[in-house]
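This briefing is meant to be read alongside the sequence and the coordinates.

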Amino acid sequence: MSERSSNLQDLAERLAALREEGAELLARRPAPGTSDHARLSWIDAEIEALSRQLQQGTGQP
C-alpha cells in the first residue's frame with residue numbers, strides 16, 4: 001500500500017471514529033457551555049476538515 005493510500009485510509013478511519021463519537025455526544029444533547037458541547041463543536045469542525053481532505057484525495061491538511 002502506498003503512503004498516500006495509507007494516509008487516506010487513516011483519515012477515513014479517524015473520520016468514522018469522530019462521527020461515532022459525535023453521534024454519541026449529540027444523543028446526550030449537551031447543554032451550551034459544557035465540556036461535552038465544546039467537544040461536539042470541535043468534532044464537527046474536525047469532521048468538516050477531514051471530509052474536505054478526503055474529497056480532495058490528498059490526505060494532507
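In what follows, a residue is called buried when its relative accessible area is under 20% and exposed when that area is over 50%, with partly exposed covering the values in between. With that cut-off, the face of helix α2 turned away from its buried side carries the exposed residues D44 and Q56. The model is a predicted one, and the protein in it has 2 helices and 0 strands.

**Overall form**

- Along its principal axes, the C-alpha trace of the protein spans about 45 × 15 × 15 Å.
- The protein has a radius of gyration of 13 Å, whereas a compact globule of 61 residues would have one near 10 Å.
- Of the 61 residues of the protein, 23% count as buried.
- Among the contacts between residues at least 6 apart in sequence, 60% join residues at least 24 apart.

**Helix α2 and its two faces**

- The 22 residues of α2 should span 32 Å at 1.5 Å a residue, and the end C-alpha atoms of the helix are 32 Å apart, which agrees with that expectation.
- The buried residues of α2 are L40, I43, I47, L50, S51 and Q53; seen down the helix axis, these buried residues fall within an arc of 155 degrees, so they line one face of the helix.
- An α-helix has 3.6 residues a turn, so residues three or four places apart point the same way.
- The buried residues of α2 pack against α1, while D44 and Q56 are exposed on the face turned away from that buried side.
- S51 lies in helix α2 and counts as buried, with a relative accessibility of 18%; leaving out residues up to four places away in sequence, S51 touches L15 and R19.

**The nonpolar core**

- The largest nonpolar core has 8 residues, namely L11, L15, L18, L25, L40, I43, I47 and L50, and α1 and α2 each supply at least two residues of this core.
- In soluble globular proteins, nonpolar side chains tend to be buried together.

**Salt bridges**

- The structure holds 3 salt bridges, and they are described here pair by pair, together with the accessibility of each partner.
- R39 and E21 meet through their side chains in a salt bridge, with a distance of 2.9 Å from N to O; R39 lies in helix α2 (residues 35-56) and E21 in helix α1 (residues 3-28), so the pair ties together parts that are 18 residues apart in sequence.
- Within this pair, R39 is partly exposed, with a relative accessible area of 32%, and E21 also counts as partly exposed, at 26% relative accessibility.
- The C-alpha atoms of E21 and R39 are separated by 9.6 Å, and E21 is in contact with R39 and I43 when its neighbours within four places in sequence are left aside.
- The side chains of R28 and D36 form a salt bridge with an N to O distance of 3.2 Å; R28 is exposed, with a relative accessible area of 53%, whereas D36 counts as partly exposed at 28% relative accessibility.
- R52 forms a salt bridge with E48, the closest N and O atoms being 3.2 Å apart, and both residues lie in helix α2, 4 residues apart, about one turn of the helix.
- R52 counts as partly exposed at 41% relative accessibility, as does E48 at 48%.

**Backbone geometry**

- Most residues other than glycine have a negative phi.
- R29 has a positive phi of about 50 degrees although it is not a glycine; R29 is placed in the loop between α1 and α2, and counts as exposed at 74% relative accessibility.

Terms used
Residues numbered from 1 in each chain as written. Predicted model: local features only at pLDDT ≥ 70, side-chain atom pairs only at ≥ 80, totals over all residues. Heavy atoms only, no water. Salt bridge = Lys/Arg side-chain N within 4 Å of Asp/Glu carboxyl O. Buried < 20%, exposed > 50% of the residue type's maximum accessible area, 1.4 Å probe, protein only. Expected span 1.5 Å × (residues − 1). Arc of directions from axis to C-beta. Contact = heavy atoms within 4.5 Å. Core = buried A, V, L, I, M, F, W, Y, C linked by side-chain atoms within 4.5 Å. Rg over C-alpha atoms; globule rule 2.2 N^0.38 Å.
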